[in-house]
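Here are my notes on this model, as numbered points to read beside the coordinates.

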Amino acid sequence: MNKDVLADKPIGFFDSGAGGLTVLASAVKCLPNESFLYFGDTAHAPYGSRPVEDVRNLSVQAAEMLCRQGCKALVVACNTATSAAVHVLREMLPIPVIGMEPAVKPALAGGGKVLVMATPLTLKEEKFKALCDRCGADESNVIVLPCPGLVEMVERGETEGPAVERALAQLFAGADLTGVSAVVLGCTHYLFLRRALAGILPADVKFVDGNLGTVKQLARILKKEGLLREEKTSQTNVEILSSGGEASVRLFKELFQKALTEMEVYR
């Protein structure tokens, strides 16, 4: 297919549910000429507590569906799915595949200890261990905090309020924050909880996530492959799909608008 024709195709995003909408929001702000197709697999969320093989199979199904829709590139907007399946997707798909990983390296660059919030599966996978090895991360400078239950809260649309604050306080109750200067939001869902997290953590702790780095990598690959859409469009086209039905799509649209208006997106 002609590269000019391909460039007009949408960029596909998928996640286990709503979390990847935060990555989509970054992409929409940074790549306003592009069109986007988002799929949240709410029917099978959360991925982070499933066996690796399940996550791999679900990721393949989601990726194949987006490819059938004519996407020119695919963003695996989920740290867990990236850990479990990105290598398989890159081997099987004819389009560029961009994954995510917890932003340990930029967090460590700021000095001090780093606490990594992520799903249990992300923290158990070899990909995370390899990331820590590359970054020189060990028990002296990185604390890992598995966060079961947080994805489910976001999937219900619960991002603030007393119930969320109680859940976060309980999660952090056993964590030693002495010397911690940064918290890595190692699951895209957790960005929706940033305001609530700021209310329970020390004021000088900064939040670090991998969204902008992922979008920058997407832009670099699109440019390299001649797939960037150069022509300015009057309105960015975003289509949102969910395996959870119309109620999930309505919630996704609300959360996407929240992400667009509240998330910090740096070019």
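1. Val-215 is buried, at 3% relative accessible area, where buried stands for under 20%, exposed for over 50% and partly exposed for what lies in between (1.4 Å probe, protein chains only). The residue belongs to helix H11; helices (H or I, at least four residues) and strands (E, at least two) are DSSP runs numbered from the N terminus. Beyond the residues up to four places away in sequence, Val-215 touches Val-23, Ser-26, Ala-27 and Cys-30, a contact being heavy atoms within 4.5 Å. Take Cys-30 as one to look up: 185 residues separate it from Val-215 in sequence, yet their C-alpha atoms are 7.6 Å apart.

2. A word on the basis of these notes: this is a predicted model, in which local features need pLDDT of at least 70 and side-chain atom pairs count only at pLDDT 80 or more, while totals for chains, interfaces and linings use all residues. Residues are numbered from 1 along each chain as its sequence is written, and side-chain values use heavy atoms, with hydrogens and water left out.

3. Now the domains. The protein chain splits into domain 1 (3-100 + 211-262) and domain 2 (104-210), with bounds from an automatic or database domain assignment. Their centres, taken over C-alpha atoms, are 23 Å apart. Across the boundary, 35 residues of domain 1 are in contact with 23 residues of domain 2. About 2000 Å² is buried between the two domains, 60% of it from carbon and sulfur atoms; buried area here is the accessible area (1.4 Å probe) that two parts lose on being put together, summed over both. On the domain 1 side, Asn-79, Ser-83 and Asn-211 lose the most area to domain 2, together 23% of what that side buries.

4. Which residues does the UniProt annotation "binding site" cover? The unreviewed entry lists Asp-15, Ser-16, Tyr-47, Gly-48, Asn-79, Thr-80, Thr-188 and His-189; UniProt positions are given in the numbering used here, feature names are shortened, and annotations may be inferred rather than shown by experiment. The set is spread over 175 residues of sequence but clusters in space, with a largest C-alpha distance of 12.1 Å.

5. Two members of that set deserve a look. Asp-15 sits in strand E1 (residues 11-15) and is buried at 1% relative accessibility.

6. Please check the peptide bond between Ala-45 and Pro-46, which is cis, with omega about 0°. Most peptide bonds are trans. Pro-46 is in the loop between strand E2 (36-40) and helix H3 (52-68).

7. Last, Arg-229, in the loop between helix H11 (211-224) and strand E9 (238-242). Is Arg-229 buried or exposed? At 19% relative accessibility, Arg-229 counts as buried. Its side chain makes a polar contact of 3.4 Å with that of Asp-8; the term means a pair of N or O atoms within 3.5 Å, where within protein one must be able to donate a hydrogen and the other to accept it, and residues adjacent in sequence count only if both atoms are side-chain atoms. Among the other residues in contact with Arg-229 are Asn-33, Glu-34 and Lys-72.
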